[in-house]
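Welcome! Keep the view open beside you and look up each residue as it comes along.

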Amino acid sequence: MKTYAVGGAIRDTLMGLPVHDIDYVVVGSSVDEMIAKGFRPVGKDFPVFLHPETQAEYALARTERKTGQGYKGFHFYADPSVTLEQDLERRDLTINAMAQEVGPNGKQFGPIIDPYSGQEDLAAKVFRHVSDAFSEDPLRLLRIARFAARFPEFRVANDTMSALKAIVQAGELNALSAERIWQELARGLVASKPMHMFQVLLDTGAAKLLLPSTLTAKLAEEPFREALIEHSEVSGNSLEERCAIALMDLSASEIRTWAECVRMPIEVRDFSEIFSELKALVDKYSAAAFQPVDVLAWFNRADIWRKPDRGQALLNLAGKIGFKVSLLVVAMRNAQALNTAEIIAGVEAQDRSNGESIGSAFEAARLAAITVAIQS
């Protein structure tokens with residue numbers, strides 16, 4: 001029985017990047033032996049165990065055979081006879097198919113085991129698949145796209161690009177769950193260069209199947225791509241901001257429809273929808289003064305009264321990417337600074353039974369505060 005650190009931990013160590021999680025593979029062992037050593041089984045599809053002390057995950061070396069469609073359509077075979085090289089062969093990229101032995105003390109030692117020339121591709125900055133089995137798993141297309149956003153200096157090897165296109169043409173993407181699609185896209189959005197992820201999706205033909213049609217069309221336009229790159233660099237790296245930037249040319253209804261398709265988190269969806277409406281507002285009055293009634297309508301839509309931090313974040317993001325929103329910032333502060341107790345007291349003094357009057361009074365007071373800010 002031997003244990004190896006594999007995959008991303010080896011890759012990132014060689015690249016001088018911090019390693020946060022380590023995947024372990026155990027060769028020459030069995031389920032019974034692992035349990036006897038105190039490991040707790042947790043794997044559903046194949047044998048994975050939690051270390052009795054560190055709780056780190058250890059998987060038995062395994063091979064796989066395609067038995068159905070999608071990334072779950074595999075039969076896994078784990079046995080003491082499966083070699084490390086066989087286990088590494090089923091991995092996606094050569095740069096993720098390296099290993100290093102781990103001693104009883106949990107420390108890695110000895111040479112890097114690299115049967116598929118991962119170090120060579122790492123030096124050449126190339127994403128290259130390990131074997132022909134690569135195209136059997138549609139999830140790998142999204143992983144490569146996400147890796148492209150994280151490691152923008154890398155290029156996809158020609159034969160690997162052909163394999164990615166084969167995944168699309170075979171209809172394998174249809175088997176991906178909405179949750180997994182969003183999970184990979186979200187990780188790519190917050191990486192250093194999200195546009196590189198979108199470029200892979202465009203080049204493989206996957207964009208038409210996975211992204212909103214309006215976004216796919218915009219991504220084909222060079223000015224939009226350049227703006228997306230620039231905006232992503234100056235914005236924060238929060239998922240809400242990155243997603244809002246990518247989707248800001250879509251209507252709120254288009255964003256809502258796609259969000260439902262990919263199970264986008266509600267807070268991310270709402271931020272993107274409201275930001276697209278802010279862009280529409282700014283575009284509408286790019287050559288004229290804002291109309292207070294339209295500003296109030298957006299403030300209500302953004303619910304800056306109960307969610308002031310979100311309202312500020314939306315306007316901050318708009319300012320970062322060059323929208324002229326300084327008057328909106330002042331108007332928001334004026335409207336939020338109103339003394340609500342005084343407004344309520346004024347209405348109640350006239351009519352204690354009319355709750356609708358209180359709402360109207362708030363609207364009137366807020367509109368007046370916004371008007372002062374815009375016309376000053």
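Predicted model: local features only at pLDDT ≥ 70, side-chain atom pairs only at ≥ 80, totals over all residues.

- Is Thr3 buried or exposed? Thr3 has a relative accessible area of 13%, so it counts as buried, the limit being under 20%.
- Setting aside neighbours within four places in sequence, Thr3 is in contact with Tyr24, Val25, Val26, Tyr58, Gln100, Glu101 and Val102.

**Aromatic rings that pair up**

- A pair of aromatic rings is described by two things, the distance of the centres and the angle of the planes.
- How many aromatic pairs does the structure hold? There are 11 of them.
- For another arrangement, look at Phe299 and Trp305, whose ring centres are 6.3 Å apart with planes at 90°, so the pair is edge-to-face.
- Phe299 is buried, with a relative accessible area of 0%, whereas Trp305 is partly exposed at 22%.
- Ring pairs also join Phe127, Phe147, Phe151 and Phe154 into a cluster.

**Charges over rings**

- Which residue lies over the face of Phe147? It is Arg146, at 5.0 Å from the ring centre.
- Trp305 has a charge over its ring too: the charged end of Arg366 sits 3.8 Å from the ring centre.

- Helix H8 (residues 194-204) packs with helix H11 (residues 222-234) at an angle of about 145°, and their axes are 9 Å apart.
- On the H8 side, the contact is made by Pro194, Met195, Phe198 and Gln199. Arg225, Leu228, Ile229 and Ser232 are the H11 residues that take part.
- By type, the residues of this contact are 5 nonpolar, 2 polar and 1 charged.

**The nonpolar core**

- In soluble globular proteins, nonpolar side chains tend to be buried together.
- The largest nonpolar core in this model has 85 residues, and Trp182, Phe198, Leu201 and Phe275 touch the most other members.
- Helix H5 gives this core its largest share, with 8 residues.
- Which residues does Phe275 contact, leaving aside neighbours within four places in sequence? They are Ala244, Met248, Leu314, Leu317, Ala318, Ile321 and Phe323.

**Two residues with a positive phi**

- Arg263 is not a glycine, yet its phi is positive, at about 60°. Look for Arg263 in the loop between helix H13 (252-262) and helix H14 (266-284).
- Asp303, also a residue other than glycine, has a positive phi near 50°. Asp303 is found in the loop between helix H15 (292-302) and helix H16 (308-320).
- With 12% relative accessibility, Asp303 counts as buried.

Terms used. Residues numbered from 1 in each chain as written. Heavy atoms only, no water. Phe/Tyr/Trp six-rings, centres within 6.5 Å; stacked < 30°, edge-to-face > 60°. Buried < 20%, exposed > 50% of the residue type's maximum accessible area, 1.4 Å probe, protein only. Lys NZ or Arg CZ within 6 Å of the ring centre and 35° of its normal. Axes fitted to C-alpha atoms, helices over the stretch in contact; angles between N-to-C directions. Helix = DSSP H or I, 4+ residues; strand = E, 2+ residues; numbered from the N terminus. Contact = heavy atoms within 4.5 Å. Nonpolar A, V, L, I, M, F, W, Y, C, P; charged D, E, K, R; others polar. Core = buried A, V, L, I, M, F, W, Y, C linked by side-chain atoms within 4.5 Å.
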